[in-house]
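Let us take a friendly walk through a protein model, one piece at a time. Keep the sequence and the 3D view open while you read.

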There are 2 protein chains.
Amino acid sequence: MKTTTTGTRERIVRATSRLLQRQGYEGTGIKQISREAEATLGSVYHFFPGGKQELAAEAIRHGDQEFAELLRTGLDSAADPAEAVIACTRLLADALRDSGWQDGCPITTTALETVGRAPVIEEAVVEAFAHWRAIVEEKLHTSGIGLTDARELAATVINTLEGAELAAQVARSEDPLHLTGRHLARLIATYR
Amino acid sequence: MKTTTTGTRERIVRATSRLLQRQGYEGTGIKQISREAEATLGSVYHFFPGGKQELAAEAIRHGDQEFAELLRTGLDSAADPAEAVIACTRLLADALRDSGWQDGCPITTTALETVGRAPVIEEAVVEAFAHWRAIVEEKLHTSGIGLTDARELAATVINTLEGAELAAQVARSEDPLHLTGRHLARLIATYR
DNA sequence: GGTTCGCTAGAACGAACGCTCTATCCAGGA
DNA sequence: TCCTGGATAGAGCGTTCGTTCTAGCGAACC
């Protein structure tokens, strides 16, 4: 069955994405991935002949989509861009807390570990960040903020969310995310 | 000689700190550390009987001091807190570029890799972030910003710097840091 | 001069790493 | 009915991992 084969591939990608998110690239073994995905080592190398790097790049792309969806959900929940960003921080805080402070940004750890040493992965990382910035930029622009300002603000919004998520994870507290939401809202307000 | 022994210990800590910064915790082996530090495996385990975790925790504390010094240098370079923060982003951008985009925040990668799984390291990480926030907070407060505002702003300044450094490293560009400097300055200006 | 002790030195251990390879399974076409 | 080829299965390769352990070094004290 076609569904079975694509099912295995997808199970592998999802398991990899979750493991990279929680343990990073070097801390995650291919055998652990195959175990968690309920697939065999043979299947992993069948679908990803490029090995661990190719698999990780695909997992990053998966995390990209996941995070993008969260962003869109948050941004669509309010017309005012400042409130919309606050909604994003709330969604992030909820997800982080509900996972026992385990599930931060799905790609940051892997990105930092592989920067400058695994071009295939890095490319996926760069695309993910650009993708997220574009989503925020569009929201800001359609809310009446000029193109240049919207682009610059979007970059800072994403970067700040990343930093806040890291802080929240380390502190095991939602506070850094909520605080960041308020400060970003205040910054955005200065542009209107 | 006393100087020789403390010399070896310090060489090990410095080498570990630099390697953790560039390769992360899981990507750095103890044998590589002993090689780069020009110390033997026996020496490493003599000074750090707690093994890799104890060594990493000590290296994090070293990175803490290093980053704190950079922050103080930047903050002291201008009376106006907004300009002072911009000076920090400039220092960070210089250091990052000059290292070939290798030397980002000395502790972030290790922090993310070990969060929730290595309490000894995590404790050092939490202390480092608190330390950095305190430095920024003091600058903001002595510049006339209220205590609560200063504390909250300081947290956001540190978190945002972290996020911007990550973005700059991934993009191999100083822009995210400079942009963040401008936005943080703008945010700080709304409090005066 | 002998003894102690902080430190250096690196061989060796079991476990885990990424990856290769052969064998087998089984649905669909000839 | 046989054949083909995508998918599954996992033993085994060489290497490296973190750690342990014993042996030896040289300066300092009695």
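Which residue follows H5(B), and what is its phi? The residue is Gly100(B), and its phi is positive, near 70°.

A few ground rules come before the tour. This is a predicted model, in which local features need pLDDT of at least 70 and side-chain atom pairs count only at pLDDT 80 or more, while totals for chains, interfaces and linings use all residues. Residues are numbered from 1 along each chain as its sequence is written, and chains are lettered from A and ligands numbered from 1 in the order in which they are written.

**Chain A as a whole**

Chain A has 9 helices and 0 strands; helices (H or I, at least four residues) and strands (E, at least two) are DSSP runs, numbered from the N terminus. Its C-alpha atoms fill a box of roughly 55 × 35 × 35 Å along the principal axes. The radius of gyration, taken over C-alpha atoms, can be set against a globule rule of 2.2 Å times the number of residues to the power 0.38. For 192 residues, a compact globule would come out near 16 Å, and the 18 Å of chain A agrees with this.

How many of the residues of chain A count as buried? The share is 50% of the 192 residues. Here a residue is buried if 20 or more other C-beta atoms lie within 10 Å of its own, exposed if 12 or fewer, and partly exposed in between, with C-beta atoms placed from the backbone. Two residues are in contact if their C-beta atoms, placed from the backbone, lie within 7 Å. Among contacts in chain A between residues at least 6 apart in sequence, 64% join residues at least 24 apart.

H8(A) is mostly covered, with 20 of its 25 residues buried. Just after H8(A) comes Arg172(A), with a positive phi of about 50°.

In H5(B), the buried residues include Ala82(B), Val85(B), Thr89(B) and Leu96(B). The buried residues of this helix pack against H4, H7, H8 and H9 of chain B. Pro81(B) also lies in H5 of chain B, and Pro81(B) counts as buried because 26 other C-beta atoms are within 10 Å. Setting aside neighbours within four places in sequence, Pro81(B) is in contact with Lys139(B), Leu140(B), Ser143(B) and Ile188(B). Pro81(B) and Gly144(B) are 63 residues apart in sequence, yet their C-alpha atoms are 9.5 Å apart in space.

**Positive phi in loops**

Most residues other than glycine have a negative phi, and most peptide bonds are trans. Trp101(A) is not a glycine, but its phi is positive, about 65°. Trp101(A) sits in the loop between H5 and H6 of chain A and counts as partly exposed because it has 17 C-beta neighbours inside 10 Å. Glu38(B) also has a positive phi, near 55°. Its place is in the loop between H2 and H3 of chain B. Is Glu38(B) buried or exposed? With 11 C-beta neighbours inside 10 Å, Glu38(B) counts as exposed.

**How the two chains meet**

Chain B can be laid on chain A with an RMSD of 0.0 Å by a turn of 180° and a shift of 0.0 Å along the axis. The two copies are thus related as by a two-fold rotation axis. For this, copies are superposed by least squares on the C-alpha atoms of residues with pLDDT of at least 70 in both.

At the interface, 35 residues of chain B are in contact with 35 residues of chain A. H8(B) gives the largest share of the side of chain B that touches chain A, 13 residues. That side divides into 16 nonpolar, 14 polar and 5 charged residues. In this count Ala, Val, Leu, Ile, Met, Phe, Trp, Tyr, Cys and Pro are nonpolar, Asp, Glu, Lys and Arg are charged, and the others, Gly among them, are polar. Because 100% of the interface residues of chain B are also interface residues in chain A, the copies meet through the same surface.
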